[in-house]
Amino acid sequence: MRVITSDKIEQAVYELAKDACLHLTPACTKALQEAQKREEKGSAAAFALDTVLQNAATAARENMAVCQDTGYAVILAELGQDVHIEGKLFSDAVNEGVRRAYENFCFRKSVCDPITRVNTADNTPAALHTEIVKGDKLKLTFLPKGFGSENMSRLYMLTPAKGVDGIVESIVETVRLAGSKPCPPVYVGVGIGGTFDTCAFLAKKALTRDPGTSNPRADVAEIERRALEKINALGIGAQGFGGKVTALGVSCELAPTHIAGLPVAVNIQCHCVRCERTIL
C-alpha cells in the first residue's frame, strides 16, 4: 500500500490547471502548423491559422490564458488500487487545486447553477472521472473544456443496423451542423458503445489523446480516417472561412454495448486543444 497525501494531489491539480490553460498541447500546435501549410497562401483560412498560432505563442510568452474561455475543469483520474489517499476527500483536494489555480492566475470562472445561473465564483466543482486500475500510482489528466465547442456536441442512440456507415455519418453530421460555431479547425472525440452515459465519457476521454494518433484497432482507426476525410471535405475551414482543414483529427474510443443498441457520442473540441497530465 502506497500513501499519497491530499495536499500533493491538490498541488498537482493546481499545476496541471495552470499549464493547461496557458498552453496548447505540442501535438495541437504541430497539427495547426501542418494545417496552415495545406491552405493557400494569402487565403482567409491561412490568415486565421496564422493568427491562432500567434495567439498561442503570445499566451505562452506572457503567461496569459491561451483562450478567454478557460473552460469547465475536467479531470480524468486513474487511481491505482494499491494507493491510500491520506487527508482530505479526493474530490475536495481536486476542487481546491482548481479553485486556487483559477483564482491565482485570473482565469475566467465559468461554472454556475444551471437554473439560477448564479456563478460558483471559483470554477468548481470540477468534473471528476475516476477509474480504479492496477498498481500504486495516481495518473491525473486535466482538460479545460470550453463550451463554444461543448455546446455543439451530440449523442446518437443508433440501431445496430446503422453499422459503421451510421457511425461515420453521425460524426460528420455533428461537425456539419456545428459549422463555424466551435472555432474550427476542431478536434473530434468519439465514444462508441457502452450505454447512454458511458459513450459520452468515452468521447471526452478520446479528446485526451493527441491529435493525429490512431486507435490501435485497425477497424476503429479506419472509422477515424473515413470521418476525418469526410469532415475536411465539408469546406468549413479555419474559423469558418473555408479551406481544406475543418478538423485536426478524429479520435474514437469504444466499449462493448447491448445487442439492441449502438450509442455514439461526438464531443467537439475547438482548435484550442489544452490537456496536461501527471503521475503521482
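This tour goes through a predicted model, from the whole chain to selected residues.

Residues are numbered from 1 along each chain as its sequence is written. Local features need pLDDT of at least 70 and side-chain atom pairs pLDDT 80 or more, while totals for chains, interfaces and linings use all residues; side-chain values use heavy atoms, without hydrogens or water.

**Whole chain.** Select the protein chain in cartoon view: eight helices and ten strands are present (DSSP runs numbered from the N terminus, helices being H or I with at least four residues, strands E with at least two). The radius of gyration is 19 Å, close to the 19 Å that the globule rule gives for 280 residues, so the chain is as compact as a globular protein of that length (radius taken over C-alpha atoms; the rule is 2.2 Å times the number of residues to the power 0.38). Along the principal axes, the C-alpha trace spans about 55 × 50 × 40 Å. Buried residues are 49% of the 280 (buried is under 20% relative accessible area, exposed over 50%, partly exposed in between, with a 1.4 Å probe and protein chains only).

Over residues 11-274 the chain is 40% helix and 22% strand, with end C-alpha atoms 19 Å apart.

Select Asp7 in helix H1 (residues 6-22); Asp7 is exposed, at 53% relative accessible area. Glu96 forms a salt bridge with Arg99 (2.6 Å, N to O), one of 20 in the structure (a side-chain nitrogen of Lys or Arg within 4 Å of a carboxyl oxygen of Asp or Glu). The two residues are three apart in helix H4 (residues 90-104), about one helical turn. Glu96 is partly exposed at 22%, and Arg99 is partly exposed at 29%.

**Lys145 and Glu150.** These two residues form a salt bridge, with closest N and O atoms 2.9 Å apart, and both are buried.

**Helix H8.** Select residues 218-232, where Arg225 and Glu229 lie four residues apart, about one turn of the helix. Their side chains meet in a salt bridge (3.4 Å, N to O). Arg225 is partly exposed at 41% relative accessible area, whereas Glu229 is exposed at 53%.

**Helix H7.** End at Phe196, in helix H7 (residues 196-206), which is exposed at 54% relative accessible area.
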